[in-house]
Amino acid sequence: MKHLILLFAMILLPAAGFAQSGTTGSLTWSFSGGTLTVSGTGPMPDYDYKSGASPWYAHRENITSVSIENGVTGIGDYAFGSCYNLPSVTIPAVAPPMTE
């Protein structure tokens, strides 16, 4: 029972010393309760081993869902690299271009 309680505490408590929110390019991000939310206007930068990991990389093992909000126009390369516990990403529907 002690191990189960410890496991739940590790999952639900924020990772000590790691930022829970910040910016990436012109966008903002936040991590809470297993969900990474990316919002703002514009594209997400690309990430790789040369340019650096995403700012939420420290949470990669605890990210279980991602919500991309309206206004985000692109998802960067390797943005969710090593997020092995991530079964779903929510991307908003994009309206088709208007024709005259």
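Here is a short chat about a predicted model.

Trainee: Hi! What should I know before I start?

Mentor: This is a predicted model, where local features need pLDDT of at least 70, side-chain atom pairs count only at pLDDT 80 or more, and totals for chains, interfaces and linings use all residues. Residues are numbered from 1 along each chain as its sequence is written, and side-chain values use heavy atoms, with hydrogens and water left out.

Trainee: Thanks! In what order do the 5 strands of the open sheet come?

Mentor: The order is S1-S2-S3-S5-S7, with mixed pairing. Strands here are DSSP runs of E, at least two residues, numbered from the N terminus, and two strands pair if DSSP finds at least two bridges between them.

Trainee: Which strands stand at the edges?

Mentor: Strand S1 (21–24) and strand S7 (88–90); each has a single partner strand, so one side of each lacks a neighbour in the sheet.

Trainee: And how many bridges join S1 to S2?

Mentor: There are 4, and the two strands run antiparallel. Thr23 has Thr28 in S2 as its bridge partner.

Trainee: New topic: is Ser54 buried or exposed?

Mentor: Ser54 is buried, at 8% relative accessible area. Buried means under 20%, exposed over 50%, and partly exposed in between (1.4 Å probe, protein chains only).

Trainee: Which residues does Ser54 touch?

Mentor: Tyr47 and Ala79, leaving aside residues up to four places away in sequence. Contact means heavy atoms within 4.5 Å.

Trainee: What about Tyr78, buried or exposed?

Mentor: Tyr78 counts as exposed, at 63% relative accessibility. Its phi is near 55°, a positive value in a residue other than glycine.
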